Amino acid sequence: MLTFSSSIPLGNLGLPFLGETLEFISCAYSDKPESFMDKRRLRYGKVFKSHVFGTPTIISTDAEVSRCVLQSDSKYFVPSYPKSLTELMGKSSILLINGTLQRRIHGLVGSFFKSSQLKSQITKDMQRYVQASMEKWNQNCPVYIQDETKNIAFQVLVKALISLDPGEDMEFLKKQFQEFISGLMSLPINIPGTQLYKSLQAKKKMVKFVKKVIQNKKNCVISPSITTTKDVIDVLINDTNEHLTDDLIANNMIDMMIPGEDSVPVLMTLAIKYLSDCPAALQQLTDENMKLKRHKAEIGEQISWSDFLSLPFTQAVITETLRMGNIITGVMRKAMKDVEIKGYLIPKGWCFFAYFRSIHLDKNFYDRPYQFNPWRWQNKDICNVSFTPFGGGQRLCPGLDLARLETSIFLHNLVTKFSWEAEDDTVVNFPTSSQQDIQKPVMDGWEIMLKMTTKFIVYMYQQPAFSHPLLYNHSIQMKPSSYQSETLSTENSDSKLEVDIEVFYSFMNGNNYLGAQAIFNVWTPKVFDTEHSIAQMWISGDQVQDINTMEVGWAAHSDKQTRLFIFWTRDYYKTTGCYDLTCPGFVQTNRRFALGSAIRPVSTFGGKQLEIFLKIYKDKQTGNWWLQVQNQVIGYWSRSIFTSLKDVATKIDWGGEVINQQKHGRHTSTQMGSGHFPRELRKGTRRASYIRNLAYVDQFHGLKDATSLSTYVSKPSCYDLLVVNKANDWGTHLYFGGPGYSKICH
């Protein structure tokens, strides 16, 4: 492999001292950092010379050449790092030492990281930390994923390294570690006040802390012949190598914390970003993880580390994220003697830069390389020369399996518990120390902000619905047996349907209905204290004592949010029923809309009007009652939870309601609808709230316009109603609302 007979590759050393560093940095900050390499590769070939960061450098975008260098030993190549990083790590760092000691430490740590014992511990810890983190995520509030994953991954790795649990000591380490890594690419000036000085002081504090941990472990040893291995410190102090001193072990524990702060969190964050941009991949990954979760629940077992790593499509997603994201863009080595590889001469003292990113995005290896395509890995071997996301050779990252495991667990919990909406984001690339095999990320400070739309569990058999005694052994219906026609019958109807305002009041009319629908104008009315202002549709069953209802609409609360909601009861609100998924009853089969989530944007007075289509209809075959929101079928109420609604509905209501909690029915300033009376229509149609295209499903599953309505208004001086029969494409519609308390409303 290594001989001497050729010449230095073609290329350009650029300006004196600066070389081509400025152009290299300029490209690195762009959205296509490999453009620096691509330009020269076209001109000089896959291997070329340059001068970056003060050093003449041979840059390789050739997979075979890079592999040869990475697999060589310290006689030919040693790691090359910036001066500030070298000083921070120290001479005893596994990143800098060579020969027998480096191989010994790498082997010990690598074997422990591959052990079933540690993987089981990592799985338990990761599950616990992920769930603790996700419990703090508030519905409809932004979640900064990279910050969240940094916190989780750091705790998991520190636990694996030194058996430290979350608490004051963990917070101390985090604080000092942040100061420490700030100096990795700082100016190499070690005087008080400089970043390098501050970082070195922080590392001293961390080393002192870890040495106390080591000493405590040694003091707890009962007998030299009896050893326990809980973490990496145990692995190293139990080894008999005399060079493994407490100081060396402590310093290396700090260096090994870097992946938990950077590489693994970036991998998780990028995976979510790419999945957010590829709905098909997200759906397949979700389905795969749901299937695993359902299977484990059915047999009463916890999900093990081997289960997570055995999910083929999840692993394909992680592999494709590693290829596209390039968590490590490359690694640098320094030639210890003149070396020739494949006809290219690498002179003694020069730097060699194996640039993985260009290889991972090479169209000769990967079809459409800039397209996120996890399916490409379903029949492709990841152990090939063109795929080196964790480096290679004797310094191959020992934690590669753990990075996959942690990412698998995080993705599993995310997709089985949440749906989200990704904010716009920007990937910032810069060739920091991430280009070494210490696994620092190529992303400098970017975040993806996710809006979590709900905390509902989409996983079918752990939904609240299935704790309902009438739904034990219920077979899930994933979609309707048929879809309700959207064509309205022009035939007039003699049905007497009712619209209730403010206070629900009903009477029976004896007709049979199999569903109803309407388009609701959405507002955020002002709400006093803990009251509620609602616009909704009721579908009721015929029992005087124990009326059954299914309800859907929007509700405004004092938090100034308007939310989509559902409600049901089988005994006229006495002991059964609840909102959304807070109790057994409704079976959600679609994650597209989140029950209880905020509706944005909403209508503005005199301005743009926003609407939402809502429909409930009975399945022809199963008799279940399906809910449709916009163009998505969300889920159903099983017919088995009802009595009078088991077969047909006998009453349908559309309207508004204010839940007033004041004594003696005294009115407050809580508004209904837009907060304006229907009579204000004479000033313009964008003032009063409306519900339009009111229709019902008859006993033959035909859709008909609701032409004959009875109305009820509890107090017109506070809130009022105006019904309009069939006008243009709005069909039967109504205007409703009011301001609440006033001179005429008490």
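This is a predicted model: local features need pLDDT of at least 70, side-chain atom pairs count only at pLDDT 80 or more; totals for chains, interfaces and linings use all residues.

Biologist: Where does the backbone contain a cis peptide bond?

Modeller: The cis bond joins arginine 600 and proline 601, with omega at about -10°. Proline 601 belongs to the loop between strand S18 (586-588) and strand S19 (611-618).

Biologist: Let us turn to helices. Which residues of H1 are buried?

Modeller: In H1, which spans residues 21-28, the buried residues are Thr21, Phe24, Cys27 and Ala28. Viewed down the axis of H1, these buried residues fall within an arc of 130°, so they line one face of the helix.

Biologist: What covers the buried residues of H1?

Modeller: The cover includes helix H2 (35-44), strand S1 (47-52) and strand S8 (351-355).

Biologist: How should I read a sheet, and in what order do the strands of the sheet with S1 and S8 stand?

Modeller: In general, strands of a sheet pair through backbone hydrogen bonds, either parallel or antiparallel. Here, 5 strands form an open sheet with mixed pairing, in the order S1-S2-S8-S5-S3. Its edge strands, S1 and strand S3 (77-79), each pair on one side only. On average, neighbouring strands of this sheet are turned by 35° against each other, direction ignored.

Biologist: In what sense do S2 and S8 pair, parallel or antiparallel?

Modeller: Strand S2 (residues 55-60) and S8 pair in the parallel sense, over 4 bridges. Isoleucine 58 stands opposite phenylalanine 352 in S8.

Biologist: Which strands does helix H3 lie across?

Modeller: Helix H3 (residues 63-71) lies across S1, S2, S3, strand S5 (330-335) and S8, and runs at about 125° to S8.

Biologist: For contrast, how many bridges join strand S14 to S22?

Modeller: There are 9 bridges between strand S14 (residues 532-540) and S22, and these two strands run antiparallel. Methionine 537 stands opposite tryptophan 654 in S22. Strand S22 (residues 651-659) has 8 of its 9 residues buried, so it is largely enclosed by the rest of the structure.

Biologist: How is the packing of two helices described?

Modeller: Two packed helices are described by the angle between their axes and the distance between the axes. Helix H7 (residues 145-162) and helix H13 (residues 263-276) pack at an angle of about 140°, with their axes 8 Å apart. H7 and H13 are therefore oblique to each other, and H7 passes H13 in a right-handed crossing.

Biologist: Which residues of H7 and H13 meet?

Modeller: From H7, Ile145, Gln146, Thr149, Lys150 and Ala153 meet Val264, Pro265, Val266, Met268, Thr269 and Ile272 in H13.

Biologist: How do H13 and H18 pack?

Modeller: H13 and helix H18 (residues 400-417) pack at about 45°, and their axes are 10 Å apart. The contact is made by Val264, Leu267, Met268, Ala271, Ile272 and Leu275 of H13 with Ala403, Glu406, Thr407, Phe410, Leu411 and Leu414 of H18. H13 and H18 are therefore oblique to each other, and H13 passes H18 in a right-handed crossing.

Biologist: Finally, how may single residues be read? Is glutamine 102 buried or exposed?

Modeller: Glutamine 102, placed in helix H5 (residues 99-114), counts as buried at 2% relative accessibility. Neighbours within four places in sequence aside, glutamine 102 is in contact with Ile94, Ile97, Gln394 and Arg395.

Biologist: Where is the place of glycine 623?

Modeller: Glycine 623 is in the loop between S19 and S20, and it is buried, with a relative accessible area of 7%. Leaving aside neighbours within four places in sequence, glycine 623 is in contact with Lys618, Arg639 and Lys646. Glycine 623 and leucine 514 are 109 residues apart in sequence and 9.5 Å apart in space, C-alpha to C-alpha.

Methods
Residues are numbered from 1 along each chain as its sequence is written. Side-chain values use heavy atoms; hydrogens and water are left out. Buried means under 20% relative accessible area, exposed over 50%, partly exposed in between (1.4 Å probe, protein chains only). The arc is that of the directions from the helix axis to the C-beta atoms. Contact means heavy atoms within 4.5 Å. Two strands pair if DSSP finds at least two bridges between them. Axes are lines fitted to C-alpha atoms, for helices over the stretch in contact, and angles run from 0 to 180 degrees between N-to-C directions. Angles under 35 degrees count as roughly parallel, over 145 as roughly antiparallel, 65 to 115 as roughly perpendicular and the rest as oblique. A crossing is left-handed if the near helix is turned anticlockwise from the far one by less than a right angle, and right-handed if clockwise.
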